[in-house]
Amino acid sequence: MKKKTRNSFAQRILRLFLWCAAGAVALVFAVILLFRFVNPPTSAFMLSYQMSDGGPPLQHEWVPLSEISEWMALAVMASEDQRFPEHHGVDFQAVHKAVSEYQAGEGLRGASTITQQTAKNLFLWNGRNFVRKAIEAGLALAIDALWPKRRILEVYLNIAEFGRGIYGVQAASRAYYGIPAGVLSARQAAQLAAVLPNPKVLSVREPSAYVQERVAWIQRQMGQLSRWGYLDAL
């Protein structure tokens with residue numbers, strides 16, 4: 001009798017857990033679907049920055065994709081994710097290559113797509129542990145399924161970090177160049193994209209030799225992608 005009671009209790013706990021998990025997944029999907037149509041008022045990274053001490057005031061201003069220079073969209077695809085129009089949120093080819101290089105003794109490099117970075121910046125925390133990466137990948141697949149590519153690009157460009165307290169391309173354009181994002185030149189867009197891998201270390205105002213090399217490389221890639229009509233494919 002006691003064994004039956006214990007089994008019944010365990011089954012109730014399991015059912016409760018499954019219902020809670022299903023509810024959490026449904027809530028996440030609902031929020032992702034909402035953000036397809038409603039601009040996120042903030043992001044997990046912005047909230048984390050605002051809760052930290054000692055930094056300059058947060059700068060952020062949302063602008064629609066139509067008011068962002070096409071050079072900027074091209075620059076982030078050239079720099080961060082050249083297969084963006086093709087994959088479904090996660091670039092499994094890039095992941096396989098990164099894992100193979102790691103197994104061969106090379107350092108573990110990131111293989112995050114623009115969609116994954118959008119998911120991370122919007123919902124998650126910074127870090128490189130596999131649990132967070134797995135959650136990030138799941139969110140990216142859901143975002144790609146529910147949002148068009150242009151919406152993903154729009155949200156990414158509006159929440160990406162470009163320097164301490166500087167979030168979104170409009171705030172970055174005004175902070176570094178004194179202009180709105182809609183009139184960024186190809187070189188200015190490449191300069192902003194060049195710091196995205198690590199905006200807390202890499203600087204737009206005082207670019208290191210590494211950043212300058214990245215800017216030149218990004219501009220070459222932008223020229224190739226422009227000829228291939230990447231923006232037209234979105």
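**Entry 1**

I note that the model is a predicted one. I then looked up burial and found that 42% of the 234 residues count as buried. For the accessible surface I recorded about 13,000 Å², with 60% of that area belonging to carbon and sulfur atoms.

**Entry 2: secondary structure**

I counted 10 helices and three strands. Along the sequence I read the order of these elements as α-α-β-α-α-α-α-α-β-β-α-α-α.

**Entry 3**

The three strands make an open sheet with mixed pairing, in the order 1-3-2. I next examined strand 1 beside strand 3 (residues 166–167): the two pair in the parallel sense, over two bridges. Within strand 3, Ile 166 is the residue that stands opposite Gln 59.

**Entry 4: helix 2**

I asked which residues of helix 2 (residues 44–51) are buried. I found Ala 44, Phe 45, Met 46 and Tyr 49.

**Entry 5: helix 3 against helix 7**

Two packed helices are described by the angle between their axes and the distance between the axes. For helix 3 (residues 70–80) and helix 7, I recorded an angle of about 90 degrees and axes 11 Å apart. This makes helix 3 roughly perpendicular to helix 7. On the helix 3 side I listed Met 72, Ala 73, Val 76 and Glu 80, which meet Leu 153, Tyr 156 and Leu 157 of helix 7. I sorted the residues of this contact into six nonpolar, no polar and one charged.

**Entry 6: helix 3 against helix 10**

I turned to helix 10 (residues 209–227), whose axis comes within 8 Å of that of helix 3, crossing at roughly 110 degrees. Helix 3 and helix 10 are therefore roughly perpendicular. From helix 3, the residues in contact include Trp 71, Leu 74, Met 77 and Glu 80. Among those they meet in helix 10, I noted Arg 214, Trp 217, Ile 218 and Leu 225. The residues of the contact of helix 3 with helix 10 divide into nine nonpolar, three polar and two charged.

Notes
Residues numbered from 1 in each chain as written. Predicted model: local features only at pLDDT ≥ 70, side-chain atom pairs only at ≥ 80, totals over all residues. Heavy atoms only, no water. Helix = DSSP H or I, 4+ residues; strand = E, 2+ residues; numbered from the N terminus. Buried < 20%, exposed > 50% of the residue type's maximum accessible area, 1.4 Å probe, protein only. Areas by Shrake-Rupley, 256 points an atom, 1.4 Å probe, with all protein chains shown as cover. Pairing = 2+ DSSP bridges. Axes fitted to C-alpha atoms, helices over the stretch in contact; angles between N-to-C directions. Parallel < 35°, antiparallel > 145°, perpendicular 65-115°, else oblique. Contact = heavy atoms within 4.5 Å. Nonpolar A, V, L, I, M, F, W, Y, C, P; charged D, E, K, R; others polar.
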